[in-house]
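Good morning. I will take a few minutes to walk through one structure, and I will keep to a few places in it.

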Amino acid sequence: MSEQAVAEYRIEDLAHHSGATVRTIRAYQDRGLLPKPERRGRSNVYRDTHLARLRQIADLLDRGYTLASIKELLEAWDAGRGLGGVLGLVAEVHGPWTDEEAARISRAELNERFGGRPDDDAVGEACELGVLEAVPGRPDEFLVPSPQELAVAAELYAAGVPLSAITGHLRELRGQVEHIASRFLEFTTEHVFARYLGEVPPTDADAAEAATMVRRLRPLAQQTVDAELARAMRLFATRHLQHHLGAAGTAQPSGPASVPLPAETVRAVQELVGSEHVGEFVRAATERELQARTMNELARRAGG
């Protein structure tokens, strides 16, 4: 293709520039996702609009949208409704939900942090959980999406917790946290975002306003959970210590004590996780606080 015809592509050229295969491009045409090319003699001619559309489709697929939902968005755009607000909302939701930055770690560094001995099974399980991610072409290097999470695992291991117990606890905790996230999403959708979802896709103005609300509400779930977790951990850690050490030399009851929780606290937890999961939430909160206190004590000793 000459430089004078940079705005025109054969299907092979379009595939090369977009990263899609020829077969994929034809499939998008058949499904109505991509406009028909201009027919010129025996050849089909594509333009920059086709290339831009392919890149939009790829971006939305990467964000988890199905081809059916992408088709609805693109049809709305072709009918004269802008996609700027919608894509801004997509970017806001899909963007990072933490200020933490990913890091990289070599296999040698990983081994050193966890006892100095290679453990392929543990590494495989960490990759399965997403704590580590393999780097293509670099078998001895890993991406660490959350260095903080890996640091917690290293501290627990240094405190004597087996790797199998750490990964098992993470699996259990992840299920509980995902339930909390799901409940918070349902709660905010019902009371906040339902007004923006009357039209599918929403108008640019509604999508832009919804994106602003996402930015405002994004930290609230974590702040609420952190506050309730700290309160519950303080309560249960104190009871746990009293149970094991005794209070002023007096014998402790053999069974667990029943401690009433403030009504406001119970309601807050119910809104987050549902009435049937209050006990699980409090238990998870207790375990998290105990782990945090253990790590703080280890750090204090190391610093002292």
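**A sheet, a strand and a helix**

Leaving aside neighbours within four places in sequence, E141 is in contact with R104, I105, S106 and V135. Before going further, please keep in mind that this is a predicted model.

Where is E141 found? It is in strand 6. Is E141 buried or exposed? Its relative accessible area is 15%, and buried means under 20%, so E141 counts as buried. The side chain of E141 also makes polar contacts. One is with the side chain of R104, at 3.4 Å. Another is with the side chain of R138, at 2.9 Å.

Now the sheet around that residue. Three strands form an open sheet, in the order 4-6-5, and the pairing is antiparallel. Which strands are at the edges? They are strand 4, residues 103–106, and strand 5, residues 133–135, and each of them pairs on one side only. From one strand to the next, the twist averages 40 degrees.

How many bridges join strand 4 and strand 6? There are four, in the antiparallel sense, with strand 6 covering residues 138–144. In strand 6, though, the bridge partner of R104 is L143.

Next, another glutamate, E38. E38 sits in strand 2, which runs over residues 38–40. With a relative accessibility of 34%, E38 counts as partly exposed. Its side chain and that of R40 are joined by a polar contact of 3.4 Å. If we set aside residues up to four places away in sequence, E38 touches S43, N44, V45 and R47. What is the separation between the C-alpha atoms of E38 and E8? It is 9.9 Å, for two residues that lie 30 apart along the chain.

Last, helix 9, residues 163–191. How far apart are its end C-alpha atoms? They are 42 Å apart, and the 29 residues, at 1.5 Å a residue, should span 42 Å, so the two values agree.

Which residues of helix 9 are buried? They are L163, I166, T167, L170, Q176, I180, F184 and T188. As background for reading that list, an α-helix has 3.6 residues a turn, so residues three or four places apart point the same way.

Methods:
Residues are numbered from 1 along each chain as its sequence is written. This is a predicted model: local features need pLDDT of at least 70, side-chain atom pairs count only at pLDDT 80 or more; totals for chains, interfaces and linings use all residues. Side-chain values use heavy atoms; hydrogens and water are left out. Two strands pair if DSSP finds at least two bridges between them. Helices (H or I, at least four residues) and strands (E, at least two) are DSSP runs, numbered from the N terminus. Axes are lines fitted to C-alpha atoms, for helices over the stretch in contact, and angles run from 0 to 180 degrees between N-to-C directions. Buried means under 20% relative accessible area, exposed over 50%, partly exposed in between (1.4 Å probe, protein chains only). Contact means heavy atoms within 4.5 Å. A polar contact is a pair of N or O atoms within 3.5 Å; within protein, one must be able to donate a hydrogen and the other to accept it, and residues adjacent in sequence count only if both atoms are side-chain atoms. The expected span of a helix is 1.5 Å times one less than its number of residues.
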